[in-house]
Amino acid sequence: MNPLRAKELAEQLLAGDKRATARLITHVENREPNVEQALTKIYPHTGNAHLVGITGPPGAGKSTMTDKLIRLARAAGKKVGVVCVDPSSPFSGGAILGDRIRMQEHAADSEVFIRSIGTRGGQGGLSRSTQEVAMLLDASGYDLVILETAGVGQTELGILEVAHTIMVVLVPESGDDIQMMKAGILEIADILTVNKCDRQGADHVVKELRAMLELVDGKQAWKIPVLKTSAERGEGIKEVFTMMGEHREFLKNSGQIAQKRLHFAKTAILHIVRDVAALSVEDRLRSAKGLALLEEVSRRKIDPFTAAEKLFR
Ligand SMILES: Nc1nc2c(ncn2[C@@H]2O[C@H](COP(=O)(O)OP(=O)(O)OP(=O)(O)O)[C@@H](O)[C@H]2O)c(=O)[nH]1
Ligand SMILES: [Mg+2]
């Protein structure tokens, strides 16, 4: 893509052209040269969307819940963007099929945008892509942008670091996992839901979570709520939707939104610097001097640390 084309697509996106948005997302996912020209142009128009990350074990009902949340948001007159992030696959095709089916009825709605992205740029790259795709949707005028990703580990934490509000969806069967995931969940969750409460054991897990939160959460200004839902039956979803709004209000009223924004800025810059630094070092390693340096490291004449320092300078 040439720089002019990138700017043209950005203008079309800002004018509300859905196809331009879709193209730019693909370019971000593929790390197309000059995509940054488009991102530069759209950046001043970001900062309006509520970015909500939804995570939890595979199959917990995140997409089913998202489908119901889209409906509520649409009823409230909001435009909704959904990004399904699949850290396990370099291809977005697999994940999107199931998710598309689950959210099918919204496909024809011009105010709803659903996409999935995979790990084409490696896991670090995925965190960057997610943030940039969120920027694109934000600038396109989507009021609510939902980022869905499966799992509750470090990778997902990195991916959802770019969201204002993070919801962790668990299921009654998560009982045993909770001990394991405790630290991770508490670190990232703003809202906890126990989905599939039409099944046995939901109350027990809710109790366990509340007890756990009481132990550690005493002094936090935001009390992490534990909600019970059945996404399939559409039960408890209104409460989830309301709570998402309340968390956003909390961020605004407490001033924490400013800290979040600083954090997002830092994350965006670090993503770029890491990539730019890695690329320029890779370039230098291809030069005659670089190859000579590689030789020296491989023959133990110098160590990789010293070599890296030389390359940075
Ligand atoms: N019993 C019951 N089943 C549900 C509920 N919500 C979702 N499911 C079912 O659980 C399965 C997985 O739902 P998804 O919404 O795809 O779950 P997910 O968390 O998005 O899954 P991944 O994206 O693959 O991690 C589907 O068969 C849903 O119909 C619920 O509240 N109760
Ligand atoms: Mg899903």
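Predicted model: local features only at pLDDT ≥ 70, side-chain atom pairs only at ≥ 80, totals over all residues.

Colleague: Which residues of H4 are buried?

Modeller: A residue counts as buried if 20 or more other C-beta atoms lie within 10 Å of its own. In H4, those that qualify are Lys62, Ser63, Thr64, Met65, Thr66, Asp67, Lys68, Leu69, Ile70 and Ala73.

Colleague: What separation of its end C-alpha atoms does H4 show, given the span it should have?

Modeller: Helix H4 covers residues 62-75, which is 14 residues. At 1.5 Å a residue, H4 should span 20 Å. The model agrees with this, since the end C-alpha atoms of H4 are apart by 20 Å.

Colleague: Which residue takes a positive phi just after H4?

Modeller: The phi in question is about 80°. The residue that takes this phi just after H4 is glycine 77.

Colleague: How do H4 and helix H10 pack, in terms of angle and axes?

Modeller: Two packed helices are described by the angle between their axes and the distance between the axes. Helix H10 comprises residues 237-254, and its axis and that of H4 are 10 Å apart. The angle between H4 and H10 is about 70°. That makes H4, relative to H10, roughly perpendicular.

Colleague: Is the crossing of H4 and H10 left-handed or right-handed, and how do the residues of the contact divide?

Modeller: The crossing of H4 and H10 is right-handed. From H4, Met65, Lys68, Leu69 and Leu72 meet Ile237, Lys238, Val240 and Phe241 of H10. The residues of this contact divide into no polar, 2 charged and 6 nonpolar.

Colleague: Is lysine 196 buried or exposed?

Modeller: Lysine 196 is found in the loop between strand E6 (191-194) and helix H9 (202-216). It has 24 C-beta neighbours inside 10 Å. The cut-off is 20 or more, so lysine 196 counts as buried.

Colleague: With which residues is lysine 196 in contact, leaving aside its neighbours within four places in sequence?

Modeller: The C-alpha atoms of lysine 196 and glutamate 235 are separated by 9.5 Å, although the two are 39 residues apart along the chain. The contacts of lysine 196 beyond four places in sequence are with Gly61, Val171, Pro172 and Ser230.

Colleague: What percentage of the residues of the chain count as buried?

Modeller: The chain has 13 helices and 7 strands. Of its 313 residues, the share that count as buried is 38%.

Technical notes
Residues numbered from 1 in each chain as written. Chains lettered and ligands numbered in written order. Helix = DSSP H or I, 4+ residues; strand = E, 2+ residues; numbered from the N terminus. Expected span 1.5 Å × (residues − 1). Buried ≥ 20, exposed ≤ 12 C-beta atoms within 10 Å, placed from the backbone. Axes fitted to C-alpha atoms, helices over the stretch in contact; angles between N-to-C directions. Parallel < 35°, antiparallel > 145°, perpendicular 65-115°, else oblique. Left-handed = near helix turned anticlockwise from the far one by under 90°. Contact = placed C-beta atoms within 7 Å. Nonpolar A, V, L, I, M, F, W, Y, C, P; charged D, E, K, R; others polar.
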